[in-house]
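Here is a briefing on one protein model. Keep the sequence and the 3D view open as you read.

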Amino acid sequence: MASILSQPGGCIRVHRRCCFNTLRFFSSKPFASHSNSSRRLWQRLVRKTFAVGISRSFSQSHLPSNSDAPNLHHFIAQASLSVSQPLPNVLSSDAPASEFASKGRIYHETYGCQMNINDMEIVLSIMKNAGYNETVEVPESAEIIFINTCAIRDNAEQKVWQRLNYFWFLKRKWKSNVAIGRSQSLHPPKVVVLGCMAERLKDKILDADKMVDVVCGPDAYRDLPRLLEEVDYGQKGINTLLSLEETYADISPVRISKNSVTAFVSVMRGCNNMCSFCIVPFTRGRERSRPVESIVKEVGELWKEGVKEVTLLGQNVNSYNDASGSEKEVEPGSNWALSDGFKSMCKVKNMGLRFADLLDTLSTEFPEMRFRYTSPHPKDFPDELLYLMRDRHNICKCIHLPAQTGSSTVLERMRRGYSREAYLELVQKIRRIIPDMGISSDFICGFCGETEEEHADTLSLIKAVGYDMAYMFAYSMREKTHAHRNYSDDVPEEVKQRRLTELIDAFHESTCQGYDSQVGTIQLVLVEGPNRKAPDTELTGKSDRGHRVSFINVPLLDRDDQADNKRNPVIGDYVEVHITKSTRTSLFGEALAITKLSTFYNSVEESAIACGRRS
């Protein structure tokens with residue numbers, strides 16, 4: 001008994017709803033050289049022996065005196081005897097020690113935006129700290145299945161329901177699946193629904209014939225270990241409460257793409273805009289921002305890991321407002337400069353460091369790292385932000401500028417806070433300050449009451465702007481939204497699909513201009529990996545403007561290598577590429593040299609100065 005109690009981390013856990021025969025022994029000190037299968041067999045043998053021993057001890061104790069009845073020390077002694085008894089020679093492999101602490105293997109799927117990807121990395125970090133160390137590639141091998149969901153459009157939700165049906169099959173038919181080799185999990189998997197759909201459809205999901213065990217909203221991920229424990233006691237786990245403060249700023253995400261040279265960093269959460277079509281304020285809550293210091297720390301860790309490009313994330317990323325260091329209240333809306341001609345549905349009460357301040361800090365601290373951001377709102381592009389993007393070579397020259405529609409009357413029904421004219425003026429200002437700026441957008445066709453004339457306004461806007469990329473969707477009504485309460489989804493589905501096709505055609509006609517303009521230029525490309533169409537001979541990556549660029553993999557000079565030795569580019573290198581050909585969606589060029597961000601842009605500036613002197 002003394003030897004058991006003296007083990008570091010050794011304890012006896014008595015479950016809240018258990019009989020004596022469910023006492024279990026835990027120790028944080030691993031046994032040496034155990035295989036996965038051997039470890040599981042050993043655990044089963046110990047638990048079985050321990051449980052039988054306790055049960056027998058208890059059933060044989062019929063003494064009336066309390067003093068003679070078995071006590072906790074009696075049970076510990078029985079456990080010590082059970083553990084110390086010789087076991088079959090099944091402990092004969094060398095699994096890593098970390099596996100012994102794992103409480104179950106995790107399989108995860110993510111649907112929707114980059115924020116959901118980042119959220120899953122936060123979830124994996126929380127679960128790892130709680131002892132869930134293993135992840136697997138297929139759901140058939142998992143004891144816990146996470147599905148991170150999106151509620152923006154009906155199509156995304158239908159995909160999730162299809163996957164839930166399959167996970168339910170794995171759980172319901174677990175014994176037969178194991179018998180035929182379809183499943184390798186140690187017990188029926190616990191199915192956990194995360195994200196926006198969890199908050200929006202929590203009651204429907206939990207009522208779906210025992211399909212789901214846990215429902216957890218975007219602000220409740222810290223509660224996941226407790227919710228999973230409740231399932232062990234026969235309860236459903238649910239927490240979809242929204243928070244005014246939660247940003248997970250203190251959690252270091254577990255990167256899903258371990259070897260990637262790009263990463264996402266969430267800087268703010270939630271949305272205050274209340275657009276009439278959008279469910280996000282109801283599934284993600286109000287806006288709140290992480291402190292600048294915590295973001296700088298996370299980016300610094302990524303830099304040490306070899307990450308060369310970071311995308312800053314937020315539902316309205318350029319509405320970032322770090323008021324953590326300011327206790328002074330300001331007059332609502334004062335000093336909070338918006339884009340000219342734009343207004344906000346929600347006034348700012350406490351003003352702190354804005355998005356331009358965050359970008360200024362990051363681009364200064366990490367001059368050899370590229371920064372992108374998504375998804376912004378057009379209202380929060382003050383001149384200060386545009387001039388900063390112009391002057392900092394490591395802030396990429398691409399802006400996502402969601403228009404949603406090109407009709408001022410539809411914009412008003414959508415409660416977007418601007419007109420078609422104000423949007424076009426902002427586009428012109430952006431390109432006046434930064435002439436080579438790439439612009440992408442979002443569009444919805446078939447919104448409530450949209451006429452053919454209003455649809456034509458959207459087509460003309462697409463052609464007028466000339467977007468590099470666009471996300472286009474047919475409108476689907478979402479419950480709880482302003483449109484659901486006040487408008488009718490009166491555009492027939494076949495009309496929506498026809499208009500969507502016309503939007504896509506208009507985009508393809510105009511996007512060629514942006515790509516064709518790059519032919520003949522030299523672009524700095526961050527190598528992300530082999531070209532999937534020619535993996536043995538070509539590499540691919542993104543330019544500063546966000547265009548996909550491919551080139552033949554040949555030995556190149558490194559401009560920062562004084563020895564003038566040539567080598568082949570590798571993932572994470574910046575390569576100068578002379579663009580020779582364009583398509584509607586990508587560029588192709590000739591690789592010239594390997595370089596660094598600062599080296600490339602210093603040479604560009606010197607060339608520009610030299611050209612100016614000659615002229």
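Predicted model: local features only at pLDDT ≥ 70, side-chain atom pairs only at ≥ 80, totals over all residues.

Residues are numbered from 1 along each chain as its sequence is written, and side-chain values use heavy atoms, with hydrogens and water left out.

**Helix 18**

- Helices (H or I, at least four residues) and strands (E, at least two) are DSSP runs, numbered from the N terminus.
- Helix 18 has 24 residues (493–516) and should span 34 Å at 1.5 Å a residue. The expected span is 1.5 Å times one less than the number of residues. The end C-alpha atoms of helix 18 are 35 Å apart, which agrees.
- Helix 18 bends by about 30° at Ser 510. The bend is the angle between axes fitted to the seven residues ending at a residue and the seven starting there.
- Ser 510 is also one of the buried residues of helix 18, which include Leu 503, Phe 507 and Tyr 515. Buried means under 20% relative accessible area, exposed over 50%, and partly exposed in between (1.4 Å probe, protein chains only).
- The buried residues of helix 18 pack against strand 16 (438–445), helix 16 (452–465), strand 17 (469–474), strand 23 (574–582) and strand 24 (586–595). Contact means heavy atoms within 4.5 Å.

**Helix 11**

- Helix 11 (292–304) should span 18 Å, and its end C-alpha atoms are 19 Å apart, which agrees.
- Among its buried residues are Val 292, Ile 295, Glu 298 and Leu 302.
- Their cover includes strand 8 (262–266), strand 11 (309–313) and helix 12 (355–365).
- Gly 306 follows helix 11, with a positive phi near 100°.

- Glu 140 lies in the loop between helix 4 (114–129) and strand 4 (144–149).
- Glu 140 is buried yet has no salt bridge. A salt bridge puts a side-chain nitrogen of Lys or Arg within 4 Å of a carboxyl oxygen of Asp or Glu.
- The nearest side chain of opposite charge, Arg 182, is 6.3 Å away. Lys and Arg count as positive, Asp and Glu as negative; His and the chain ends are not counted.
- Beyond its neighbours within four places in sequence, Glu 140 is in contact with residues including Leu 170, Arg 182 and Gln 184.

**Backbone exceptions**

- Most residues other than glycine have a negative phi, and most peptide bonds are trans.
- Arg 415 has a positive phi of about 60° although it is not a glycine. Arg 415 is partly exposed, at 24% relative accessible area.
- Asp 564 also has a positive phi of about 60° and is not a glycine. Asp 564 is exposed, at 56%.
- The peptide bond from Thr 374 to Ser 375 is cis, with omega near 0°.

**Salt bridges**

- The whole structure holds 38 salt bridges.
- Asp 119 pairs with Arg 269, their closest N and O atoms 3.0 Å apart. This pair links helix 4 to strand 9 (268–269), 150 residues apart. Asp 119 counts as buried at 0% relative accessibility, and Arg 269 at 1%.
- Arg 372 and Glu 309 meet in a salt bridge of 2.9 Å, N to O. Arg 372 is in strand 14 and Glu 309 in strand 11, 63 residues apart. Both are buried.
- Shared partners join Glu 309, Arg 370, Arg 372, Glu 528, Lys 542 and Arg 548 into one salt-bridge network.
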